[in-house]
Amino acid sequence: MESTRPSLRLTHEAALKAVAAAAAHAGSLGVGQNIAVVDEGGNLLAFLRMDGAKLLSRETALSKAISAASHRQPTARLDPELELKLAIAAGGRLTNLEGGLPILFGGTCVGGIGVGSGTGKQDIACARAGLEAIGADLPDA
């Protein structure tokens, strides 16, 4: 029996590239965004608060990234009936707000990206731009 297994890890270079691409897309939309990228354990790898981004959206961006990585699915897919229970059980770190996407390569989750400060659709579009820039799997729209 094996005691260890190989695993994929998101690099800080990829995290920075994803943030840059998400920010470039946000710029093209004319929206200042907060953008967070975490690894598979929810540890922050990269963060950017663009000019004009809403102050409290820095917290939601991080929660979206952690939620997407933790559940390995877009945050908007989390069951709304469990929203309050999940938030309480996770110390306020889990959310079903739009804008969090898992970072998957070949179906393996290596992290999450969370974007907050625009509309839900803008947040998702910016997060998708980040995934596209690093060649990650794109979730169904």
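1. A polar contact is a pair of N or O atoms within 3.5 Å. In this predicted model, the side chain of Arg-49 reaches the backbone oxygen of Ala-53 at 2.7 Å, which means that the pair falls within that cut-off.

2. Further details place Arg-49 in its setting. The residue lies in strand β2. With a relative accessibility of 43%, Arg-49 is classed as partly exposed, because that class covers values between 20% and 50%. Residues up to four places away in sequence being left out, Arg-49 touches Gln-33, Asn-34, Lys-54 and Leu-55. By contrast, the C-alpha atom of Leu-82, 33 residues away along the chain, is separated from that of Arg-49 by 29 Å.

3. The strand that holds Arg-49 belongs to an open sheet of 4 strands, ordered β2-β1-β4-β3 with antiparallel pairing. Strands β2 (44-49) and β3 (100-105) form the edges, each pairing on one side only. From one strand to the next, the twist averages 15°.

4. How many bridges join strand β1 to β2? There are 5 of them, and the two strands, of which β1 spans residues 34-39, run antiparallel. Within this part of the sheet, Ile-35 stands opposite Leu-48 in β2.

5. Two helices should be noted for their packing on the sheet. Helix α2 (residues 57-71) touches β1, β2, β3 and β4 (108-116), and its direction makes about 160° with that of β4. Helix α4 (residues 120-134) touches β3 and β4, and the direction of α4 makes about 15° with that of β3.

6. The largest nonpolar core has 22 residues. Those that touch the most other members are Leu-10, Ile-35, Val-37, Ile-103, Ile-113 and Ile-134. At least two residues of this core come from each of α1 (12-29), β1, β3, β4 and α4. The largest share, 7 residues, is supplied by α1. In soluble globular proteins, nonpolar side chains tend to be buried together.

7. Which residues does Ile-134 contact beyond its neighbours within four places in sequence? They are Leu-10, Ala-14, Lys-17, Ala-18, Ile-103 and Phe-105. Two of these partners, Leu-10 and Ile-103, are themselves named with Ile-134 among the core residues that touch the most other members. Apart from this core lies another, of 7 residues, including Val-38, Ala-61, Ile-66 and Ala-69.

Note on methods: Residues are numbered from 1 along each chain as its sequence is written. This is a predicted model: local features need pLDDT of at least 70, side-chain atom pairs count only at pLDDT 80 or more; totals for chains, interfaces and linings use all residues. Side-chain values use heavy atoms; hydrogens and water are left out. Two strands pair if DSSP finds at least two bridges between them. Axes are lines fitted to C-alpha atoms, for helices over the stretch in contact, and angles run from 0 to 180 degrees between N-to-C directions. Contact means heavy atoms within 4.5 Å. Buried means under 20% relative accessible area, exposed over 50%, partly exposed in between (1.4 Å probe, protein chains only). A polar contact is a pair of N or O atoms within 3.5 Å; within protein, one must be able to donate a hydrogen and the other to accept it, and residues adjacent in sequence count only if both atoms are side-chain atoms. A nonpolar core is a set of buried Ala, Val, Leu, Ile, Met, Phe, Trp, Tyr and Cys residues joined through side-chain atoms within 4.5 Å.
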